[in-house]
Amino acid sequence: MTNALSVLMLSYLLLVLILIIGWYVLQVVAYWRIFTKAGEPGWKSLIPIYNTYIQYRISWNTTMFLVSVVCAVAGVILSNMDSPLAILGSVCSLVNVVISFMACSKLSRAFGHGLGFAFGLFFLNPIFLLILGLGESVYEGPQ
């Protein structure tokens, strides 16, 4: 019984690992093409947090990237406290979600798309990043 359970858990973990690697490869391919369209070297898509920084740089500004990171970290830390500060953590997390949507909107506009495409970037990120990178979209610069 334990042997069968171990095999089942190991196969589940292997499946999750394959999905995570597939997700990462899709994002690297999409960002690589997006960055080259924007005049940035494609290798910058390989570094996980740095690629988001470059996305903010080509579509908005890097100060908002810093605000987003601070809000994300503060949200996680404060939300796990057993005090009134947990509410502040939730507010920080909400601010981070709003900034993330604004970043999607700015990226959408930088490639000549509108608000509908921004919703696609927000909710179905890898698919719409691939559409930006591999499609006919042309980089117009920050709007």
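F119 is partly exposed, since its relative accessible area is 40%, a value between the cut-offs of 20% for buried and 50% for exposed. The model described here is a predicted one.

F119 also takes part in an aromatic pair. A pair of aromatic rings is described by the distance of the centres and the angle of the planes. Across the whole structure, a search finds 12 aromatic pairs. In the pair of F101 and F119, the ring centres are 4.9 Å apart and the planes meet at 50°, so the pair is tilted; the angle lies between the limits of 30 degrees for stacked and 60 for edge-to-face. This pair links distant parts of the chain, because F101 belongs to helix α4 (residues 85–110) and F119 to helix α5 (residues 115–123), 18 residues apart.

A second pair is made by F122 and F123, and it is edge-to-face, with 5.0 Å between the centres and 85° between the planes.

| Residue | Relative accessible area | Class |
|---|---|---|
| F119 | 40% | partly exposed |
| F122 | 28% | partly exposed |
| F123 | 60% | exposed |

One aromatic cluster is formed by W43, Y50, Y53, Y56, W60 and F65.

How far apart are the end C-alpha atoms of α4? They are 37 Å apart, which agrees with the 38 Å that its 26 residues should span at 1.5 Å a residue. After α4 comes G112, which has a positive phi near 80°.

Note on methods:
Residues numbered from 1 in each chain as written. Predicted model: local features only at pLDDT ≥ 70, side-chain atom pairs only at ≥ 80, totals over all residues. Heavy atoms only, no water. Phe/Tyr/Trp six-rings, centres within 6.5 Å; stacked < 30°, edge-to-face > 60°. Helix = DSSP H or I, 4+ residues; strand = E, 2+ residues; numbered from the N terminus. Buried < 20%, exposed > 50% of the residue type's maximum accessible area, 1.4 Å probe, protein only. Expected span 1.5 Å × (residues − 1).
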